[in-house]
Amino acid sequence: MSSSSIWKHKPWWCQPWSILLTGIGIITGSWLLFQLIWLTALFFTLICLWWFLFLIFIPYLFTKQETIKIVKTE
């Protein structure tokens, strides 16, 4: 049974480390530029949703799809 990772299929700018660094940069940048807690909180909330989608949910669906493919081919 071969294990495949979604990150093997993604370019460097779509790897977990780049997604995390971009999100942290946006949150930090919003605070440094505007110094408005409500705006930074809004960015934080949107970035957390983005992280959940691209770092947790999509890899989970990819793994589930790969598992189904393996079971069907056996």
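How many residues does helix α1 have, and how far does α1 reach from its first C-alpha to its last? Keep in mind that this is a predicted model. Helix α1 runs over residues 16–34, which is 19 residues. The span is 27 Å, close to the 27 Å expected at 1.5 Å a residue.

Now the buried side. Which residues of α1 are buried? They are S18, I19, G23, I27 and S30. These residues cover an arc of only 165 degrees around the axis, so they sit on the same side of α1.

What do the buried residues of α1 pack against? The partner is α2, residues 37–73. Turn to the face of α1 that points away from the buried side. That face carries exposed residues: L21, L32 and L33. Just after α1 comes Q35, with a positive phi of about 50 degrees.

On to the aromatics. The count is two aromatic pairs. One is W12 with W17, and that pair is stacked. The centres are 6.4 Å apart, with 20 degrees between the planes. The other is F52 with F57: ring centres 6.2 Å apart and planes at 20 degrees, so this pair is stacked too.

W17 is partly exposed at 48%. F52 is partly exposed, with a relative accessible area of 47%. F57 is also partly exposed, at 35%.

Methods
Residues are numbered from 1 along each chain as its sequence is written. This is a predicted model: local features need pLDDT of at least 70, side-chain atom pairs count only at pLDDT 80 or more; totals for chains, interfaces and linings use all residues. Side-chain values use heavy atoms; hydrogens and water are left out. Helices (H or I, at least four residues) and strands (E, at least two) are DSSP runs, numbered from the N terminus. The expected span of a helix is 1.5 Å times one less than its number of residues. Buried means under 20% relative accessible area, exposed over 50%, partly exposed in between (1.4 Å probe, protein chains only). The arc is that of the directions from the helix axis to the C-beta atoms. Contact means heavy atoms within 4.5 Å. Rings of Phe, Tyr and Trp (its six-membered ring) pair if their centres lie within 6.5 Å; planes under 30 degrees apart count as stacked, over 60 as edge-to-face and the rest as tilted.
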